Each structure stands twice: as structure tokens, then as C-alpha cells.
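Below are some numbered notes to read alongside the model.

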Amino acid sequence: MRIQDNLLKDQYTSSLLKLSPRLQLIANKVPVGARVADIGTDHAYIPIYLISKGIAEYVIASDIRKGPVEKAAANIKKYGLMHKIDVRLGNGLEKVESGEVDTIIIAGMGGVLITEILSVSEPVLRNVNKLILQPMIGHEEVRIWLSENGYKIVDEELASEGDKIYNVIVAEHGKEKIEKEIYHYIGKKLIEKKDPLLKKLLAIKINEMKKIIKQLQNNHSENALTRLADCQIRLKEYESINCLIG
């Protein structure tokens, strides 16, 4: 019976260690020895992976919802990692004390919500070396907030799951000059490194922009005409980047 229990535990362990491409990319950005806060942890897959692989020293797994917190706690208990992962119920970083962590992960949320969480967390952020952010939408809001609040983007990479492309943005304290507005919409690091998924992302962006332009062309209000001009400029910039990366 004990052998069977161990086999079941090994199967459970293996399934948890196999992260989705999006979560794996996030985990890959965490430095070895980091003390991490995973905000919006859901099932705590990233904290479990980081501790199991010996990447993180300690992780706070936090979520605003009671259900995910309970699921996270159950997963951590099954894996025997209660001494290394602390589960907390709270909004954003409100349950994280200043100096507790040096790396923060905020993933699976809209860009506006991510910036709202960061905006009210200055005491905690003061002692944090690295932000690993994965907005589902509103990537430009995140990039703009970072540039306006004393952060520089040191890395950005894309992950693909089905027909969806996900951005993972890594930022540190520092100043960064944004030479072109388009870099708020397509990360400069993605262009510099010619991310393998950038052409796929650009194809999605170009298609979306063409649809918006088509809709706006039938609207002759002043606001619509202004937005139409902006969208036409952005479409040309997307197409220009697409040609640049070959």
C-alpha cells in the first residue's frame, strides 16, 4: 500500500512540475536564490515549481480569492512544501511586508490592474530587485507605468499557447528612455532580440488594427477621425517592424 501511495505521489509531483508554456516562461525569469511573491497565484503551480527545482529560497503565494487560496494550500500541502511556501489571502501586495521578498510576479491579470497593484505598493517595491509581469491585455499600460515610475525593462519574451501569444516583462529599478511611442505597444526588447514569436504577434496586431480602421472609416465624428489617424500610423509602424525583423 505504501509503494502504491508513493507512486501516486510521484505521478502528482510530475504533473505539477510540468508547467504550461506561459507559466514556464515566467518561472524561467526568476533568479536563483530569490525570495518571491507570486500575486494571483491561483493553484500555486509557479511557487511549487520554483521551490521544487531549487530556484527560489522562499515564496509567498497570494490571491484575492478564497477558492484559489484553498486550492493553493492543498497543493502545497500535498507536495510537502509548507515550510517554504506561505499562502496568503489578500488584495495585491497588501499582505506582503517590506523586505520580505526581492522578486515579485504578477501574472494573468489585465495591465491596468497590474499597474494599480504596483501603484499602491511603494513601500514593498522599494526593497524589490525584480518585477516579472505577465499582463493578459493592456501591455502598453504596464510599459508606460514602468517608464514613468523609475523602472527599466531589462528583458521581455513571448510564449505561445494555442493561438494566443503571452508577453512576460521583466523590470528593475532604473531609468529608461522610450525613443518611440510604438515601443509601448511592441516591447523594444522583443524587437532587439528578434523574439521567435514576434512575427506571429505582429500578424495578430496588424489584423486587429486593420479591423479597427475598417470600422472607424464609417464614422465621421471628430473623435473617430482622430483615432483613425492614430491607428493608421500604428499599423504602418507594425508593418515596418515586421519588415525590419525579416
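**Notes on the predicted model**

1. Of the 246 residues of the protein, 45% count as buried, where buried stands for under 20% relative accessible area, exposed for over 50% and partly exposed for what lies in between, using a 1.4 Å probe and protein chains only. Please keep in mind that this is a predicted model, in which local features need pLDDT of at least 70, side-chain atom pairs count only at pLDDT 80 or more, and totals for chains, interfaces and linings use all residues. Residues are numbered from 1 along each chain as its sequence is written, and side-chain values use heavy atoms, with hydrogens and water left out.

2. On the overall make-up, the protein has 10 helices and 7 strands; these are DSSP runs numbered from the N terminus, helices being H or I with at least four residues and strands E with at least two. Taken along the principal axes, the C-alpha atoms fill a box of roughly 70 × 40 × 35 Å. Among contacts with a separation of 6 or more, 66% come from residues 24 or more positions apart, a contact being heavy atoms within 4.5 Å.

3. Now to helix packing, where two packed helices are described by the angle between their axes and the distance between the axes. Helix α2 (residues 21-28) and helix α3 (residues 45-52) have axes that come within 10 Å and cross at roughly 50°, so α2 is oblique to α3. The axes are lines fitted to C-alpha atoms, for helices over the stretch in contact, with angles from 0 to 180 degrees between N-to-C directions. Angles under 35 degrees count as roughly parallel, over 145 as roughly antiparallel, 65 to 115 as roughly perpendicular and the rest as oblique.

4. On the α2 side the contact uses Leu23, Gln24, Ile26 and Ala27, and on the α3 side Tyr45, Ile46, Tyr49 and Leu50. These residues divide into 7 nonpolar, 1 polar and no charged, with Ala, Val, Leu, Ile, Met, Phe, Trp, Tyr, Cys and Pro taken as nonpolar, Asp, Glu, Lys and Arg as charged, and the others, Gly among them, as polar.

5. How does α3 meet helix α4 (residues 66-79), and at what angle do the axes cross? They come within 10 Å and cross at roughly 25°, and α3 and α4 are therefore roughly parallel to each other. This crossing, too, is right-handed. Tyr45, Ile48 and Ser52 of α3 make the contact with Asn75, Ile76 and Tyr79 of α4, a set that divides into 4 nonpolar, 2 polar and no charged.

6. Ser121 sits in the loop between α5 (111-119) and α6 (122-125) and counts as buried because its relative accessibility is 5%. A polar atom of the Ser121 side chain lies 2.5 Å from the backbone oxygen of Ile117. In helix α5 itself you will find Val112, which is partly exposed at a relative accessible area of 44%.

7. Finally, Gln232 belongs to helix α10 (residues 222-244) and is partly exposed, with a relative accessible area of 33%. Leaving aside neighbours within four places in sequence, Gln232 is in contact with Ile213 and Gln217. The C-alpha atoms of Gln232 and Ile212 are separated by 9.6 Å, the two residues being 20 apart along the chain.

Notes:
A polar contact is a pair of N or O atoms within 3.5 Å; within protein, one must be able to donate a hydrogen and the other to accept it, and residues adjacent in sequence count only if both atoms are side-chain atoms. A crossing is left-handed if the near helix is turned anticlockwise from the far one by less than a right angle, and right-handed if clockwise.
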